[in-house]
Number of protein chains: 8
Amino acid sequence: MDSKTVLEAVQRGHMSIEEAERYFNRKAYEDMGYAKLDTYREIRSGFPEVVYCPNKPDAYLQAIFLRILAEQGEVFGTRATPAQAALVRKVVPEIMYSPVARTLKLEKPNKQREGLIAVCTAGTADVPVAEEAAQTAEFFGAKVERYFDVGVSGLHRLVSKMEALQKANCIVAVAGMEGALASVIGGLVRNPVIAVPTSVGYGASFHGVAALLTMINSCANCVSVVNIDNGYGAGYIATQINRLAVRGSK
Amino acid sequence: MDSKTVLEAVQRGHMSIEEAERYFNRKAYEDMGYAKLDTYREIRSGFPEVVYCPNKPDAYLQAIFLRILAEQGEVFGTRATPAQAALVRKVVPEIMYSPVARTLKLEKPNKQREGLIAVCTAGTADVPVAEEAAQTAEFFGAKVERYFDVGVSGLHRLVSKMEALQKANCIVAVAGMEGALASVIGGLVRNPVIAVPTSVGYGASFHGVAALLTMINSCANCVSVVNIDNGYGAGYIATQINRLAVRGSK
Amino acid sequence: MDSKTVLEAVQRGHMSIEEAERYFNRKAYEDMGYAKLDTYREIRSGFPEVVYCPNKPDAYLQAIFLRILAEQGEVFGTRATPAQAALVRKVVPEIMYSPVARTLKLEKPNKQREGLIAVCTAGTADVPVAEEAAQTAEFFGAKVERYFDVGVSGLHRLVSKMEALQKANCIVAVAGMEGALASVIGGLVRNPVIAVPTSVGYGASFHGVAALLTMINSCANCVSVVNIDNGYGAGYIATQINRLAVRGSK
Amino acid sequence: MDSKTVLEAVQRGHMSIEEAERYFNRKAYEDMGYAKLDTYREIRSGFPEVVYCPNKPDAYLQAIFLRILAEQGEVFGTRATPAQAALVRKVVPEIMYSPVARTLKLEKPNKQREGLIAVCTAGTADVPVAEEAAQTAEFFGAKVERYFDVGVSGLHRLVSKMEALQKANCIVAVAGMEGALASVIGGLVRNPVIAVPTSVGYGASFHGVAALLTMINSCANCVSVVNIDNGYGAGYIATQINRLAVRGSK
Amino acid sequence: MDSKTVLEAVQRGHMSIEEAERYFNRKAYEDMGYAKLDTYREIRSGFPEVVYCPNKPDAYLQAIFLRILAEQGEVFGTRATPAQAALVRKVVPEIMYSPVARTLKLEKPNKQREGLIAVCTAGTADVPVAEEAAQTAEFFGAKVERYFDVGVSGLHRLVSKMEALQKANCIVAVAGMEGALASVIGGLVRNPVIAVPTSVGYGASFHGVAALLTMINSCANCVSVVNIDNGYGAGYIATQINRLAVRGSK
Amino acid sequence: MDSKTVLEAVQRGHMSIEEAERYFNRKAYEDMGYAKLDTYREIRSGFPEVVYCPNKPDAYLQAIFLRILAEQGEVFGTRATPAQAALVRKVVPEIMYSPVARTLKLEKPNKQREGLIAVCTAGTADVPVAEEAAQTAEFFGAKVERYFDVGVSGLHRLVSKMEALQKANCIVAVAGMEGALASVIGGLVRNPVIAVPTSVGYGASFHGVAALLTMINSCANCVSVVNIDNGYGAGYIATQINRLAVRGSK
Amino acid sequence: MDSKTVLEAVQRGHMSIEEAERYFNRKAYEDMGYAKLDTYREIRSGFPEVVYCPNKPDAYLQAIFLRILAEQGEVFGTRATPAQAALVRKVVPEIMYSPVARTLKLEKPNKQREGLIAVCTAGTADVPVAEEAAQTAEFFGAKVERYFDVGVSGLHRLVSKMEALQKANCIVAVAGMEGALASVIGGLVRNPVIAVPTSVGYGASFHGVAALLTMINSCANCVSVVNIDNGYGAGYIATQINRLAVRGSK
Amino acid sequence: MDSKTVLEAVQRGHMSIEEAERYFNRKAYEDMGYAKLDTYREIRSGFPEVVYCPNKPDAYLQAIFLRILAEQGEVFGTRATPAQAALVRKVVPEIMYSPVARTLKLEKPNKQREGLIAVCTAGTADVPVAEEAAQTAEFFGAKVERYFDVGVSGLHRLVSKMEALQKANCIVAVAGMEGALASVIGGLVRNPVIAVPTSVGYGASFHGVAALLTMINSCANCVSVVNIDNGYGAGYIATQINRLAVRGSK
């Protein structure tokens, strides 16, 4: 319903002024305690709402999981501490918690997965961030393959996986320390690479800044970058790209 | 031709050892003066080779434009100075130079453009980077719409273009100073946003670092970032995504 | 009493030399343990003294709350830990502690609130800083309206509050991560916006530096910035502006 | 005219759908070449449009000065180079150029100036930024007093001006190097201080970053900060505050 | 004894080769466990050895306090934790521990103090660093006066102490947050000011970096700076200067 | 065995296609749980595999120590916590743990040590990093001499060791705070100096960044630098150089 | 004359109120054009006024040299460009310009030099800053010895000058690149070392920041630091210390 | 000749006191104008003196080339501008200038080159720094092979050179932008890799800082790093390692 239709309905008396005002105010959310739950997000973005757990008050955390589950039939939370997982399990006992990825997940049964996203890490310490990306993409409906511990200091590990990587619609490259993985992969594939710097490292890695700079300066053209340790964002964007590849525009 | 096929051919005597060695060495480039021209790139990436002009010696610059034109039937160069443009025009007189975008372009006639990419800028000073992105995407075959000077300090300018932006397969958001454009667009669309910080600004903009940090920290999930002023990279990635949306996987 | 008056009083013998010396030494404070309590501050600034609690020794903390309460009839403390709150309650049992804002407050009864200040946050995690600002302004006598969780990635939330924001004499915009809120509000109102970056975020948010840079580089002209997490300072300045709007100069 | 009024007018047939649509689209700008001129800004902000000159193409620069002059009856430009000043003078011969402040100004005759803003600098090298602030405030209708070269290393210079500074509705404190001026003034006045760090200095002043950090960390509560060398922004905000002090809310 | 004297003594047989070798090897230390105790330091610097406590193994800590006490008749340690203080007290029961300054001190009785050093702080939170400086200077034999909580946001506090400060041979200015104290004092005295930035502050104070930059960029010529929180170094240098003022060269 | 040999063997039927494929895939690793153990590393680098302990899951840690011990007959781990040491000792009881260097070591009996590497530190707080370097080099077969606490503020300590240092094939210089040690040593020896900045220091040492910058800017030509606190890397490179000096090329 | 004396004079009628007001206003400067000339500075600091030339307008530059010369009988300017030197020579023909130190100097004849300051540099590129320091100290009446190009990468150069350095009341250590000179000298002398980082270097020297950090983190206790390239400040402070050593307190 | 021998010679009268003093003063240099020429350097380091040209005064530059040529029979200068090259050619007409590497070289005829150093670059823009490294190593007597433009975004270029690289005693890896080359090479060779970050790049490459951080954080153990653009240092260290490999210790 576009604005012309609304105005014509007002003119013709088919719509009250109050209804029209509400339309123009685009009141696309409802208040819930002190946060605003964005229930129209699925319509707008095509993805269901996801719970970012850090610093959520306990009572609110339980309420939001219950509510989203009721509305969406499934629910996914990121960066949940074990204590938060225990709290949520009290009200959603069947939810799964991954201590590595720090995710809380309860999916609709028999969800179909489409397309292909590859998620790679340079080392084993990067796996938590990579798993957050992979599980996000899976929750949003993408098929994911994992290639962990294929960092550039042992190049044969990466090269042996190259044909597999070249089949993915999008590659998520997760690396800390010097973060060179994204550039090397980027030079070998034809689809976009989403680079995720991680805070893995010490000294002059500056908690992920070195890897971030490496990736932002990548000489491979197909590399774009998200925030340090932002596995969720990478999984989200990879799913957007994968969805376009599978379903085409709109 | 995969490695098993090659080895069977060797075993059967259908291929000489020298040919097989060449295969396994993947000699996918040829030397040309002191740089290595990557003539297989089009096959690997699906995109033709593009000339990054800065610091190229004059003689080499002319040679590389001529050679790529001969091989590809078209040629595109970025970040060319007016002096470089004049040099190239001596050997490729019909090439077009955009002093704003600093691009040199000679395209195949009647090239078809597919899909849709939107390129936005916050201000008019961001236009050179945005034009580099737009022309890159056009050279690689994408249809591009431009929305310039729609920065967040005058929000009505952006809001009035929202429906148009929502139709694009990928949005390139180009902004300097505080770089908030990408976040605002990201909250309103369902496809990926490639954010390009620019060096526009002064003082604590630190030549684009402030905008880069804004974009990397975007609260909108669909935003990934390329290097400061990297219009070419943004146009390249947007085209990859657009290509997937139009043609699907492979 | 200006210096000429004092000197004439000395000349005429109406004032002793000791009294005059005291005047010229402007002995506007008295020593109290190892810190100097600024009892003339209310006269100079128009605002009562406020207690900044961090690192205050326990005994001194109790003493200073008691003394200010005795002198001013009310008292307000910021950044108090729960342990400090418990300590102060032992000597001022009726004081209120806000664990979210970390404030300790005992106000004069029936305090009138004047004018209007709007306090906004981008997300729920920014609320503690925003509450510190709001309560500071309220303690200093301003009327405050709160608009929390109206960040730019869901623009409709902010737009629906715009008319309310435009009525405020000063808007305090509190945001972490990429901090774009201040710019967007700044483009829509005609009164000053005090921007408060918060340390909310992770990775390249650098504990609030990214938001600080965004706000300092704001393309909206009416934005000025205080330190990261400095809700108190923002509330203080907003009250100064609100006071000028209500009472005029002097 | 609020949205309810518009809708009622549509309902009653007093307003056409096209007119109402235009209202809701808030089409508050018109395209002019490749930039969007914000002609409704004066209504929204209460201030006329000002031209930020850097990097404006020559032809556009002349056109925009002419157009604003035609619409507003006066025009003000900042950061104009001498070459740009000469260009603009060709089409607006009576415009005044200040080589120190780099401003171009043509004001309505007999403009009344209201209230009081004080503009201070630490040294003489900070004067260009201070003059930009002062002239901006004057163009927007404020009365301005200048106190230049009153830096803290010769404290008597500042102290002797204190009574004058205490009368201003807003003080703009402009300083480079270590930028301590804002804190010292902030401790002596009761109205807001807008601090402007300048790029004056050398070595570890980092082109104004040291002064910016000093000001952001000011122990005086009434100090808020704008970007390095941003005299225009400081003058703008000071005028907003001064306007509130003189005219009150709305 | 210079090298010529030694060599002549060797030539004349007044000194053995072994003694001369020892001279030329300048064997000015002896090994003690895994650290090298610099027992000649008092001769070289004129100051006794001082113990920097952090990270010293427990057994070594006790041994070094005992040994220095035996050799020097007094001992002084800095940055001692309460646990370390308890450890040292087991072997040197009469040693005094200051929990504020984190110093351990046992001085020779009836030590004379000479000259005058002033130690100032901006706030009360800077006192621990200031006390470290003051006690260091006192241990090394200087007379010290303390002026705490005289920061620039309440300028009258500082101005009233000015005559006292002007009598000191050296002033130590200790300040965190914006660190403006050193500049203001520096403009009012004729002897050197040693500035000590402290890590007091939050947000963009960056644990003392803002104050360090302020002080390094001081517009007052007489200010030189030591490391963040380095009270010991400031007390050491102030004593060197005070010693020169009292005793003259050599 | 080079690729020509393999291909000839295939041609002559001496090698199966499967074997040849394996050769060309360079399948130089095997999967083990979620990490890839690089068992060919010793052949490639000439050094046995070493275990970097941080963040290794407990079960995996025990398994990897056992496996490497079984394959190599000895095993070496770095950065092991005391808790990890206890865990590993449960399965390899005879392993030695150094709480200072945080290394776990079980060496082949009667290992010969060759050549000479000198490891120096500026202070005693740098010893843990230096010991990691020294023990790494010893495990890899080098002879090591230690010169600890020879920092530049007591130059005689270093000068007296100069002749010894000049005999080493490689010198590892370990220093925090201002990190000047590497430059001074570098000016006095003829073989390479590997500089290791440490995180020792406080304030503006920025956890080793100051020392890193000092070393990277060294005016001595023979200094190259590894990451902050990277004793292992320095020991590794020093052993490579020492091995070349003892055994020559290949 | 202290304030009590003044007030008694007023009481007794020996001093007019106007005179007393002037006293209390401490009107210690007079306006001159747009800058405030601090003619009482010599009384306050004991040093004559010095002209910092950068960015001084031409006419003002000539006027200020003439005026100071008239008042003080001598004049000294720093950081003068050759063009400024030519300008000043037009009005003060006998003034001397040093193109290396960028100083302009005209001294009183037969000025006596007292005490001893040593000025050292690490390399020849540091000489301009060192000469600024040395000439400043000489202008203020100190005796100066220069030791240039004695950097730590050739330690024998420095060691051979050690006895000479140990005689100075203050040592100025000027160094760029890694800036280790100050620490090494600081470990060998008993009087204060003023360290001046210079912008000499490239790459990660960051225009003097690396040297600044080295010096601020110096492990030698007697080192304090001034701004990058601030030879004037170092010469000023060294003269203050030298003056105390020669003349004692006051 | 050690110190004991000297002292015995003095004791026995075989050596004069003056000769012995000279020995102990280690007067290993001679003054020449305002810089100290280190003529003993060849003995100490095994390498001849090299001229670092930037900022050398013209007359001194010519003198130093002539003098070194006279003493050493050959001469090598780095970072010479074309103007400096022309100046030197006036006095040493047969010297060769490389405008790419900015080196000036006149070598002894028939110099033998020993061992093998490989010098690699990521791109063609890194060649100037690489050539400086290569020519330095050649001047010091090493055999050098160059592998330019083998960056990681086209991995086949690097892989095809791998066997050649594995034969070198030391590899110099020169790269700007993201600097990943060193890590990839480091994972494939058994000898040390000296990494040289270059200032090639734009935006967030920060003039080489991004590449420097990448290399310092390299996950390949054999990588150590020199300053940005420091080709000379890399060539120097590579030659030291190569010399050890060819000639062994001492």
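1. In this predicted model, helix α6 (residues 127-139) and helix α11 (residues 231-247) of chain B pack with axes 7 Å apart and at an angle of about 35°. Axes are lines fitted to C-alpha atoms, for helices over the stretch in contact, with angles from 0 to 180 degrees between N-to-C directions. Helices (H or I, at least four residues) and strands (E, at least two) are DSSP runs, numbered from the N terminus. The crossing of α6(B) past α11(B) is right-handed (the near helix is turned clockwise from the far one by less than a right angle).

2. Which residues of α6(B) and α11(B) meet? From α6(B) come Val129(B), Glu132(B), Ala133(B), Thr136(B) and Ala137(B), and from α11(B) Gly231(B), Tyr232(B), Gly235(B), Tyr236(B) and Thr239(B), contact being heavy atoms within 4.5 Å. By class, five are nonpolar, four polar and one charged; Ala, Val and Tyr count as nonpolar, Glu as charged, and Gly as polar.

3. Glu132(B) and Tyr232(B) are also among the residues touched by Thr78(B), not counting residues up to four places away in sequence. Thr78(B) belongs to strand β4 (residues 75-78) of chain B and is buried, at a relative accessible area of 2%. Buried means under 20%, exposed over 50% and partly exposed in between (1.4 Å probe, protein chains only).

4. On to the rings: 56 aromatic pairs are counted over all chains, where rings of Phe, Tyr and Trp (its six-membered ring) pair if their centres lie within 6.5 Å, with planes under 30 degrees apart stacked, over 60 edge-to-face and the rest tilted. Phe140(H) and Tyr232(H) are edge-to-face because their planes stand at 65°, with centres 6.3 Å apart. Phe140(H) sits in the loop between α6 (127-139) and β8 (142-147) of chain H and Tyr232(H) in α11 of chain H, so the pair ties together parts 92 residues apart in sequence. Phe140(H) is buried at 9% relative accessible area, and Tyr232(H) is buried at 13%.

5. In chain A, one aromatic cluster is formed by Phe47(A), Phe76(A), Phe139(A), Phe140(A), Tyr232(A) and Tyr236(A).

6. A word on conventions: residues are numbered from 1 along each chain as its sequence is written, and chains are lettered from A in the order in which they are written. Local features need pLDDT of at least 70 and side-chain atom pairs pLDDT 80 or more, while totals for chains, interfaces and linings use all residues, and side-chain values use heavy atoms, without hydrogens and water.
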